[in-house]
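Open the model in your viewer and colour it by chain. The stops below take one selection at a time.

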Amino acid sequence: MTRLANPFPGGDPLFNHGLDLTVIGFVIVKTLIVFGLLLVSVLLYIWFMRKVIADMQNRIGPDQAGPFGILQTLADGIKLFFKEHSTPARADRPVYLLAPFVSALAAFLAFAIVPFGGIARLGTHTTFLQLADPPVGVLWLLAMSGIGVYGVMLAGWSSGSKYPLLGSVRASAQVLSYEAAMGLSIVGVLVHTGTLSTRGIVLQQTWQNWHSFVSQWLWLPAIGAFVIFLIAATAETNHPPFDFSEAEEELAGGYHIEYGGIRFAIFYLAEFMNMITMSAIAVTLFLGGPSGPKLGFLNQGGWVNVWIVPVFWFLLKLWVVLYATVWLRASLPRLRYDLLMDLGWKVLIEAAFLWAMVTGVIVVGQDQHWNLWIVTPAAAVAALLVYGFLMMCVPGKRELEDIR
Amino acid sequence: MTEFYRQYLSVAVLIGAAALMFGAMLGAGRLLRPNRPQPEKFITYEAGSDPVGGWGQSNVRYYVYALLFVMFDVEAVFIFPWAVNLKSLGVYGLIEMAVFIIVLTLGLVYAWRKGVLRWA
């Protein structure tokens, strides 16, 4: 298993020759294109979700707007533009207006670090097909999902109403809890890659031959982290079976009850953007991002193989993951809220710690040529012993009753 | 200007452009939608009945979770650099991190014993 060094340690080569108006123009054009793509993906995803779930439940699903109802989401969106919307009298107006903005901005900015293709050359400029490659890399994702919580929290609080407040504290506690687990699961990837930059992580998972699927792509070397990440990301995006931010039964809606019209649409958009972003991050971290086999019958260095094929592989992987999210939505019933919090704090965080330590030992062992057949089980046993000892200090059900 | 800051400049341009686009969406909504205010439309929603009382209450338990999260978020600041530089730190780094994580988990176990992670 060889991992390649990052040929672009300084980040996006677009900025290598200083900064002028053309470079800023490039950034703006890339932003517009990605914004458009993300918007279209959200529209398509919502239609796709409704159609697939309808199929799984023996229904027809949306079929009126456009062929196969593909324009249904667009029609819904346009309708929401024309809906009257009044701010409740008890709302804290500035914060109330700010909240959807914060939510959507955080959701969009999180996508910025996703590498969705290879490298593009236009004239004298070379750039990554990726909006931004800040040195903090995946920490950017954690920061943005942290800011996204503000959107939810402020929306619920500023509405000046009871149900939104309940919904928002519940949703933000959930998102925060799983963000801790998600951050720790990402550590399981970083010990393999040794870099935070998403471009660097993707470059280390390059496709060499069919064996790369299991040896280079990190889903198998970091399988524990992968599983934890998938569960945490599902909870982080409030996706079923963890969809507690919107619960018609208990909350009469969720944190956005008092929002209507386009502001509600923005929240809705942000939610699905988050879903797509998380799937894209899963593809980036564990499934090789845009890497995949090139088309053999074409020129290896030709524009199809350099530009189009990586984007194709990225989109294919993204939609496979998105299909899995729809599948999850259609097949699993909701958890109970206390079980959700228990899963996050009492299982996933500890599991992520264990996984990070054991993979850490394996990676260092490989580096220093230890005998891995001895070191790996020893590390696993030691970690489990420490874990078992700590868990012995944890109160059982009966003791908890006493504390009460 | 160093390479480091140039990467962040693209982030700044990005934030500006994204803010403008969402601003345009919200602004378009403002121009397009009708506005016919009536007093009933400004009452907060309470499942059909007239709203009672002022601000709502929520369980203090959520805030304890938020505090716990702060602990784990700060810890990420220490763990991420360790993971990135794992190979150069070697065995020393492994032992240090094991001790660090055990101490951290002790904090979680303490909270657990205190009944913080318990509902209802």
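Select chain B, whose elements run α-α-α from the N terminus on; helices (H or I, at least four residues) and strands (E, at least two) are DSSP runs, numbered from the N terminus. That comes to 3 helices and 0 strands. The radius of gyration of chain B is 25 Å, well over the 14 Å that the globule rule gives for 120 residues, so chain B is more spread out than a compact globule. The radius is taken over C-alpha atoms, and the rule is 2.2 Å times the number of residues to the power 0.38.

This is a predicted model, in which local features need pLDDT of at least 70 and side-chain atom pairs count only at pLDDT 80 or more, while totals for chains, interfaces and linings use all residues. Residues are numbered from 1 along each chain as its sequence is written, chains are lettered from A and ligands numbered from 1 in the order in which they are written, and side-chain values use heavy atoms, with hydrogens and water left out.

Stay on chain B and show its C-alpha atoms: they fill a box of roughly 70 × 50 × 15 Å along the principal axes. Of its 120 residues, 37% count as buried (under 20% relative accessible area, with a 1.4 Å probe and protein chains only).

Next, select chain A, which has 14 helices and 4 strands. Its radius of gyration is 23 Å, close to the 22 Å that the globule rule gives for 404 residues, so chain A is as compact as a globular protein of that length. Its C-alpha atoms fill a box of roughly 65 × 65 × 50 Å along the principal axes. Of the 404 residues of chain A, 58% count as buried.

Now zoom to residues 119-122 of chain A, strand S1. How many bridges join S1(A) to S2(A)? There are 4, and the two strands run antiparallel; strands pair if DSSP finds at least two bridges between them. Pick Ile119(A) and look across to its bridge partner in S2(A), Phe128(A). Between the strands of this hairpin are 2 residues, and Gly123(A) takes a positive phi near 65 degrees.

Finish on residues 125-128 of chain A, strand S2, with side chains shown. In a regular strand the side chains alternate between the two faces of the sheet. Here His125(A) and Thr127(A) point one way, Thr126(A) and Phe128(A) the other way, and all are buried.

Conventions: Buried < 20%, exposed > 50% of the residue type's maximum accessible area, 1.4 Å probe, protein only.
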